[in-house]
Amino acid sequence: DEVALSLIKIGRFWGGCSDEEVMAAVELWEPYVHPRAREFFTSPSNLREVLVQVAKGIDCVHFEPILGPGNKCVFWHGDVEDGQAVIKMVKPGD
């Protein structure tokens with residue numbers, strides 16, 4: 001199965017998901033992480049940090065970017081550069 005993550009920036013106030021909701025989303029998504037991503041992040045904790053950032057940047061309760069319908073947008077509430085959703089991370093090994 002191929003999963004595409006499409007995030008769209010919106011400009012309205014958004015309160016965010018609770019820590020429990022973020023962790024539930026991360027646990028739900030982890031089995032779908034591609035093996036190359038697991039190799040890239042070198043440790044489960046590094047991978048989880050990135051998934052946490054994604055969950056914190058979306059409404060992880062009402063919108064499902066991994067298992068949800070492919071015809072619905074997931075709105076991004078995090079940082080944006082050049083009109084694209086971005087997360088900040090340190091490349092493993094750097």
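At what angle do helix 1 and helix 3 pack, and how far apart are their axes? The points below take up this question and then turn to the rest of the model, which is a predicted one.

1. Packing of helix 1 and helix 3. The two helices pack at an angle of about 125°, and their axes lie 9 Å apart. Because angles of 65 to 115 degrees count as roughly perpendicular and those over 145 as roughly antiparallel, helix 1 and helix 3 are classed as oblique to each other. The crossing of helix 1 past helix 3 is right-handed.

2. Residues at this contact. Helix 1 contributes Val-22, Met-23, Ala-25, Val-26, Glu-27 and Trp-29, which meet Arg-48, Leu-51, Val-52, Val-54, Ala-55 and Lys-56 of helix 3. Sorted by class, the contact comprises nine nonpolar and three charged residues, with no polar ones.

3. Overall architecture. The chain contains three helices and four strands, and their order along the sequence is β-α-α-α-β-β-β. Of the 94 residues in the chain, 29% are buried. Taking contacts between residues at least 6 apart in sequence, 63% join residues at least 24 apart.

4. Are the two partners buried or partly exposed? Glu-30 has a relative accessibility of 17% and is therefore buried, the cut-off being under 20%. Arg-48, at 22%, counts as partly exposed.

5. Salt bridge Glu-81 to Lys-88. Here the closest N and O atoms are 2.8 Å apart. Glu-81 has a relative accessible area of 43% and is partly exposed. Lys-88 is likewise partly exposed, with a relative accessibility of 48%.

6. Surroundings of Asp-79. This residue occupies the loop between strand 2 (74-76) and strand 3 (80-81). Which residues does Asp-79 touch, leaving aside those up to four places away in sequence? They are Gln-84, Ala-85, Val-86 and Lys-88; Lys-88 is also the salt-bridge partner of Glu-81. The C-alpha atom of Asp-79 is separated by 8.2 Å from that of Gly-57, a residue 22 positions away along the chain. With a relative accessible area of 44%, Asp-79 is partly exposed.

7. Positive phi at Thr-42. Most residues other than glycine have a negative phi. Thr-42, however, has a positive phi, near 60°. Thr-42 lies in the loop between helix 2 and helix 3 and is exposed, its relative accessible area being 58%.

8. Positive phi at Asp-82. For Asp-82, phi is near 55°, again a positive value in a residue other than glycine. Where is Asp-82 placed? Asp-82 is found in the loop between strand 3 and strand 4 (84-85). Its relative accessibility is 81%, so Asp-82 counts as exposed, the threshold being over 50%.

Methods. Residues are numbered from 1 along each chain as its sequence is written. This is a predicted model: local features need pLDDT of at least 70, side-chain atom pairs count only at pLDDT 80 or more; totals for chains, interfaces and linings use all residues. Side-chain values use heavy atoms; hydrogens and water are left out. Buried means under 20% relative accessible area, exposed over 50%, partly exposed in between (1.4 Å probe, protein chains only). A salt bridge is a side-chain nitrogen of Lys or Arg within 4 Å of a carboxyl oxygen of Asp or Glu. Axes are lines fitted to C-alpha atoms, for helices over the stretch in contact, and angles run from 0 to 180 degrees between N-to-C directions. Angles under 35 degrees count as roughly parallel, over 145 as roughly antiparallel, 65 to 115 as roughly perpendicular and the rest as oblique. A crossing is left-handed if the near helix is turned anticlockwise from the far one by less than a right angle, and right-handed if clockwise. Contact means heavy atoms within 4.5 Å. Ala, Val, Leu, Ile, Met, Phe, Trp, Tyr, Cys and Pro count as nonpolar, Asp, Glu, Lys and Arg as charged, and the others, Gly among them, as polar.
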